[in-house]
Amino acid sequence: MKKKALALLALFTLMIGVLLSGCSSSSESAGEDKSGDGKIHLKFMHDWPKGSSTAYYNLVEEIIKDYEAKNPNVVIDVEVLNPDQYRDKLKVLAASNELPDIGLTWSNGFAEPYATGGQFAPLDDVIEKEFKDQFVPGTVESYSFNGKSYALPMEMNITYVFYNKEIFKKYNLEEPKTFEDLKNIGKVLTENGVIPATVGSKDGWPASMWFMYLADRIGGPTILTDVIQGKVKMSDPAIVKAAEEVQNLVDMGFFVRGNTAFSNDDAKGYFLNEKAAMFLTATWELPNFTTSPDVPQEFKEKVGYFKFPVYEGGKGTDINSYVGGPGLGAFVAENSKHKEQAKDFAAYLVKEWGKRSVEGAGILPATKVDTEGLDVPQMYLDVLNDINNATNITTWFDTQASPNVAELHHDLMTALFGKQVTPEEFAKQHDDALAKEAKK
């Protein structure tokens, strides 16, 4: 792990000359105050531009304004970049030890080199003091390395099977309790000329949601995390069985034809246009099924969701175990000149984000939400209650994996759905790649 961090930091150093000129830059080191106004200036960098992420941008601005009003000796200097610029600039600033006092990071493989490389400050003291039992289970762990936590999770997404209630009613179908029930639904729909489910397997990750849930239900909720940690191989019979079941669904015509050439957006169109009855996806699609002005209200009223059913004889018997993961989390720079104040702002930001994001921006936060009195669509309330009662959330396998293994995984998912690889070959290629990573 340490070798990996050093290698990545070396790469960041090489990128400085190339990237620094391409980003809006800061000449100040973390926390350095050159304003001369006697106030503490904290630099905060995020990736929600006003034009493309208006709801996020406005929410953050509102929280900053309130924090400054409560702390008149503090000024939050904000820098906003688009996501691609943000990722690049973060690498550049890390290489020169000039991270902003507070910033945002993705979890797992993205955060690891910054955390283990000494760029992010451990935040366990903040979590213990300000957020005890407030985060959704599994979120803090996604930013934890070597026993320490390096970010405060801000977002949370879990995955459901969304379905068209009108189609189900037409064919007397009910939400499935078991995987056999789900296959029977597929059988009834195919016999009536209806596409049971849409999936865009060209990019791999949307298709992986089917595989990950089957692995969870057959092998238990920790099995894919165990693979990442080297405790279990992908050639474990439970995981190979999950891959077999994916291909069994393909063989019975469960998925839209030609899905290996479809992106996620292509596939989503089949569900939104009522050409497919089901769509396994994450809660980032909730606005399309509840509040988006771009989707007809008549369609929204037809959409329901169910939790991925249990597998007969499988080890994953708890239907409240989900596949999903946190989005962005707030970090504090280890090198910050005003680290304690930065921690205070980060805690305020994440707390207020949790309180305001659902109604203000339609975002599911990583902190547990009291749904009492919230003025939001019922589906939001139902999902929030599900998250509050989740017994486990397994972070997406490709998020947990290194970038190289994640890329291979996506390619192999496309091949699995296209029947271009057997379940055994699918498992072996993963094992070979993971073994190669372990030697680095």
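How are H8 and H17 oriented to each other, roughly parallel or roughly perpendicular?

**Figure 1. Crossing of helices H8 and H17 in the predicted model.** The axes of H8 and helix H17 (residues 403–417) approach within 9 Å and cross at roughly 75 degrees. Angles of 65 to 115 degrees count as roughly perpendicular, and H8 and H17 are therefore roughly perpendicular to each other. On the H8 side, the contact is made by Trp205, Ala207, Ser208, Trp210 and Phe211; H17 contributes His409, His410, Met413 and Phe417. Sorted by class, the contact of H8 with H17 comprises six nonpolar and three polar residues, with no charged residues.

**Figure 2. Crossing of helices H8 and H10.** Helix H8 spans residues 205–219 and helix H10 spans residues 237–251. Their axes come within 8 Å of each other and cross at roughly 130 degrees; H8 and H10 are therefore oblique to each other. The crossing in which H8 passes H10 is right-handed. From H8, the residues Trp210, Phe211, Leu214, Ala215, Ile218 and Gly219 take part in the contact. They meet Ala238, Ile239, Lys241, Ala242, Ala243, Glu245, Val246 and Leu249 of H10. The contact of H8 with H10 contains 11 nonpolar residues, one polar residue and two charged residues. Trp210 and Phe211 of H8 belong to this contact and also to the contact with H17.

Figure 3. With a relative accessible area of 8%, Asn259 is buried, because buried means under 20%. A polar atom of the Asn259 side chain is located 2.9 Å from the backbone oxygen of Val256. Apart from residues up to four places away in sequence, Asn259 touches Val199, Gly200, Ser201, Lys202 and Phe417. Among these, Phe417 of H17 also takes part in the contact with H8.

Figure 4. The relative accessible area of Thr395 is 8%, and the residue is buried. When neighbours within four places in sequence are left aside, Thr395 is in contact with Asn108, Gly138, Ser142, Gly324, Pro326 and Gln400.

Note on methods:
Residues are numbered from 1 along each chain as its sequence is written. This is a predicted model: local features need pLDDT of at least 70, side-chain atom pairs count only at pLDDT 80 or more; totals for chains, interfaces and linings use all residues. Side-chain values use heavy atoms; hydrogens and water are left out. Axes are lines fitted to C-alpha atoms, for helices over the stretch in contact, and angles run from 0 to 180 degrees between N-to-C directions. Helices (H or I, at least four residues) and strands (E, at least two) are DSSP runs, numbered from the N terminus. Angles under 35 degrees count as roughly parallel, over 145 as roughly antiparallel, 65 to 115 as roughly perpendicular and the rest as oblique. A crossing is left-handed if the near helix is turned anticlockwise from the far one by less than a right angle, and right-handed if clockwise. Contact means heavy atoms within 4.5 Å. Ala, Val, Leu, Ile, Met, Phe, Trp, Tyr, Cys and Pro count as nonpolar, Asp, Glu, Lys and Arg as charged, and the others, Gly among them, as polar. Buried means under 20% relative accessible area, exposed over 50%, partly exposed in between (1.4 Å probe, protein chains only). A polar contact is a pair of N or O atoms within 3.5 Å; within protein, one must be able to donate a hydrogen and the other to accept it, and residues adjacent in sequence count only if both atoms are side-chain atoms.
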